Amino acid sequence: SEASAGIFQQGQLVAALVLTEWPQIDFPFLAFSITHPQAQRRGFARHLLQRAMHLLAEAGHRRLGLFVTASNEGAVRLYSQLGFRKHPFPPEPQTDD
């Protein structure tokens, strides 16, 4: 299944994200997050992602995966600030140790 969210200003979409399931992993995956260049650095992506993470946690999900290009320093910084960590891909099986 998929879920999406967006932020509109004056009728224009300025930020959006899409979450999805991916057969190769057993947790939700951030398919994409995008913010209009003129709306960047205003907290829209952070707000959308924090809200999505909260809703996923309420639904019992303990993980959220994503890919990010290392050269996208702003996104790497945001994801790091929100607690994301680098992991190998494909992800190693999760254990309950």
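These are my notebook entries on what I looked up in one predicted model.

**Ground rules.** I number residues from 1 along each chain as its sequence is written. Because the model is predicted, local features need pLDDT of at least 70 and side-chain atom pairs count only at pLDDT 80 or more, while totals for chains, interfaces and linings use all residues, and side-chain values use heavy atoms, with hydrogens and water left out.

**Entry: the chain as a whole.** I began with the secondary structure, taking helices (H or I, at least four residues) and strands (E, at least two) as DSSP runs numbered from the N terminus. The chain has 2 helices and 4 strands, and along the sequence I read the pattern β-β-β-α-β-α. I then looked up burial, where buried means under 20% relative accessible area, exposed over 50% and partly exposed in between (1.4 Å probe, protein chains only). Of the 97 residues, 30% count as buried. For contacts (heavy atoms within 4.5 Å), I noted that among those between residues at least 6 apart in sequence, 50% join residues at least 24 apart.

**Entry: the sheet.** I followed the strands next, counting two of them as paired if DSSP finds at least two bridges between them. The 4 strands form an open sheet in the order β1-β2-β3-β4, with mixed pairing. β1 (2–9) and β4 (65–66) stand at the edges with a single partner strand each, so one side of each has no neighbour in the sheet. I found that α1 packs on this sheet, where α1 touches β1, β2 (12–20) and β3, and that the direction of α1 makes about 35 degrees with that of β2; axes here are lines fitted to C-alpha atoms, for helices over the stretch in contact, and angles run from 0 to 180 degrees between N-to-C directions.

β1 and β2 pair in the antiparallel sense over 8 bridges, and Gln9 stands opposite Gln12 in β2. Their hairpin has 2 residues between the strands, and Gln10 takes a positive phi near 50 degrees there. β3 and β4, by contrast, pair in the parallel sense over 2 bridges, and I traced the bridge partner of Leu30 to Leu66 in β4.

**Entry: two loop residues.** Leu64 lies in the loop between α1 and β4, and I recorded Leu64 as buried because its relative accessibility is 14%. Leaving aside neighbours within four places in sequence, Leu64 is in contact with residues including Phe29, Leu30, Leu49, Met53 and Phe84. From C-alpha to C-alpha, His36 and Leu13 are 8.0 Å apart in space, although 23 residues separate them in sequence.

**Entry: the second largest pocket.** A pocket is an open set of points on a 1 Å grid over the protein atoms alone where a 1.4 Å probe fits, with protein on both sides within 12 Å along at least five of seven lines, and lining residues have an atom within 4 Å of a point. I noted 26 lining residues, of which Thr35, Ala45, Gly74, Ala75 and Leu78 lie nearest the centre of the second largest pocket. β3 (29–35), α1 (44–58) and α2 (73–81) each supply at least two residues of this lining, and β3 gives the most, with 7 residues.
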